[in-house]
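The exercises below are to be worked with the sequence and the model at hand. Each task is followed by a solution in steps.

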Amino acid sequence: MALLTQIIRIILVLFGISTIAFFLIHLSGDPVLLMLPPEATQEEVEAFRRQMGFDRPLSEQYLHFLSQAVRGDFGNSLKFNQPSLEVVLERIPATLELTFYAILLSVLIAVPLGIYSAVNRNSLAENLVTVMVFLGQSMPIFWTGIMLMLLFGVKLQWLPVSGRGTWAHLIMPAFTLAVWVAPTTLRIVRSSMLEVLQQDYIRTARSKGLSEKVVIYKHALKNAAIPIITIIGFQIGKLLGGAVVTESVFAWPGVGQLVVKAIYTADYPLVQACVIVLALIVAAMNFTVDTMYRYLNPKIKSG
Amino acid sequence: MGNTGLETAAAPAVEIPQPTVPEWKRKYRKFVKNPIGIIGLAVVLAIVLISIAAPLLTRHDPIEVNLEKKLLPPVWQENGTWEHWLGTDDVGRDVWSRLIYGARISLSVGFFAVIISLTLGTAVGLLAGYFRGKTDFVISTVIDIMMAFPFILLALAVIAVLGPSLMNMILVLGFTDWTQYARLVRGEVISLREQEFVQAGYALGSQHWRIIWRHLLPNCLPSVIVLATLALARAILMESSLSFLGLGVSAPTPSWGYMMSTGRPYIATAWWLATLPGIAILLTVLGINLAGDRLRDMLDPKVD
């Protein structure tokens, strides 16, 4: 039953995403004026209107858009002159690569630090970790990127400042995104470890004479894992949003950079395709995490 | 009666240590005891004051172009002058002046966006949590849809269509960030509904709006306020990101994000252009986050 509700909901979410993407371009009134340069003649405007189907009633356009979207057809990109979806899919691997390594890096930063600060409470190190969390949460993501660029790209000249290709290109953008999401993960790791460490079975494990290492990594971490995995999953959405900015800073050729460029060039079919594809990925991730959470945590199965 | 329900529920049989000290005073002391929260608050207040007093703190017009004085370094570097103590940008505008006027943009966008999203989200959350059933299903689905969009992407797309302006920025941030409040309030209301003081309201025949207004809303407010401080920080970051991408407040108006995007091409030669506005954002957001975090601890009965 819970699964059925979930499936109905994800279908509604998909429907809502496409609806928002459709009405987005009608927000300003006339989408034609939005897409054509201001110096276009009256005839050009009318010809474009007919070509794009904007002369038909809105309801008809909407149904047409939905039926095309279901088949993965979002119309041709105005700039690339090829199906928008194709253009987006070409850029997806770059974005996924960046997101993947950003998550990996953020976990590598957050999990050990979170555990350490939960185990060594009230130490100097714990306070340092807290300061890092606050700083990380308060830095504008593009500023982090620019500062890294300034230091490692311009001053030290260790890393290339833009583009994609080698490992060296990946480091700064991935690290920028990791710094952005790591504080949240770190907080969750810390608080769930603190909670688990107070449990009776931890005391039992300690009293059995198990080493502190085994207690922390085998007993405590395993039990603290659910919230940690959940938050990592939910951060995919945040990361894809952050990728929009980060990719623009580092000229990383992914969907984020593509959507910003598409907005600049008023290539709205492409904007729609980008928005829908990114939202789809996030919705799918949220759905997976939700399901996994239900599966892993017997307590909420009834809910 | 509205508040007593939660307090008795939250405080177990343990004796309250100083029964003569009023509730607000204990919370106040809890806040003051930790200097971090006060420092955060002081930083935020200082920035608010600076932005209000901006005309008194600089002699330079933030949008006045002076091509003869472009790219002057800050005072502590070679060729720096006290005349432009934080230097000038690529068209000779005074950086300090633009920074303190820029605070007005960031703070007012953040403030008004939060007012909109807080009101909308709280109202929607109250309705969903109180009426459950179909209302709840519809609202929760809408929240799911909104949350599937990376926040910045939605804001970006809407601004691109509506055109960049201060008003549009506030509206977009306000109408995209309400979901968090709705989720939070919905959850709280669902658990509050079952508590005795609310049930008593039903038994006495109170009307729906009265129960919502008098009993449910006041009990949700502490968590809503905490969320609002963190949302304020997020809105300021978001405004700077949108302005950085060139979709913020229109061109000559000083905005921190926009200053950084115009400063970025000069990072090799004029580092201060992209660096200083970032520090301004960092300080503001950090101050808000620190104060907000202490506020949460203060309002949370579980933390001593």
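**Exercise 1. Two loop residues of chain A**

A:Ala251 lies in the loop between α10 (212-250) and α11 (255-264) of chain A, where helices (H or I, at least four residues) and strands (E, at least two) are DSSP runs numbered from the N terminus. The model is predicted: local features need pLDDT of at least 70 and side-chain atom pairs count only at pLDDT 80 or more, while totals for chains, interfaces and linings use all residues. Residues are numbered from 1 along each chain as its sequence is written, and chains are lettered from A and ligands numbered from 1 in the order in which they are written.

Task: state the phi of A:Ala251 and of A:Gln157, and classify the exposure of A:Ala251 and of A:Gln157.

Solution. 
1. Phi of A:Ala251 is near 50 degrees, a positive value in a residue other than glycine.
2. A residue is buried if 20 or more other C-beta atoms, placed from the backbone, lie within 10 Å of its own, exposed if 12 or fewer, and partly exposed in between. A:Ala251 has 13 C-beta neighbours inside 10 Å and therefore counts as partly exposed.
3. A:Gln157 is found in the loop between α7 (141-155) and α8 (167-197) of chain A. Its phi is near 55 degrees, again positive in a residue other than glycine.
4. A:Gln157 counts as exposed because it has 9 C-beta neighbours inside 10 Å.

**Exercise 2. The fold of chain B**

Solution. 
1. Among the buried residues of α6(B) are B:Ile139, B:Ile143 and B:Asp144.

**Exercise 3. Core and interface**

Task: which residues have the most contacts inside the largest nonpolar core, and which element gives the most to the side of chain B that touches chain A?

Solution. 
1. A nonpolar core is a set of buried Ala, Val, Leu, Ile, Met, Phe, Trp, Tyr and Cys residues joined through C-beta atoms within 7 Å. The largest has 169 residues, and A:Cys274, B:Ala155 and B:Leu156 have the most contacts inside it.
2. Helix α5 (residues 95-131) of chain B contributes the largest share of this core, 17 residues.
3. Contact requires C-beta atoms, placed from the backbone, within 7 Å. Leaving aside residues up to four places away in sequence, B:Ala155 touches B:Val172, B:Leu173, B:Thr176, B:Met238 and B:Leu242.
4. Across the interface, 34 residues of chain B are in contact with 39 residues of chain A. α7(B) gives the most to the side of chain B that touches chain A, with 9 residues.

**Exercise 4. Confidence**

Task: where in chain B does pLDDT stay under 50?

Solution. 
1. pLDDT is the predictor's confidence in each residue, from 0 to 100. The mean for chain B is 82, and 91% of its residues reach 70 or more.
2. The values stay under 50 over residues 1-12 of chain B.
3. Where pLDDT is low, the predicted coordinates should not be read in detail.
4. For the complex, the predictor gives an ipTM of 0.83 and a pTM of 0.84.

Note on methods. Two residues are in contact if their C-beta atoms, placed from the backbone, lie within 7 Å.
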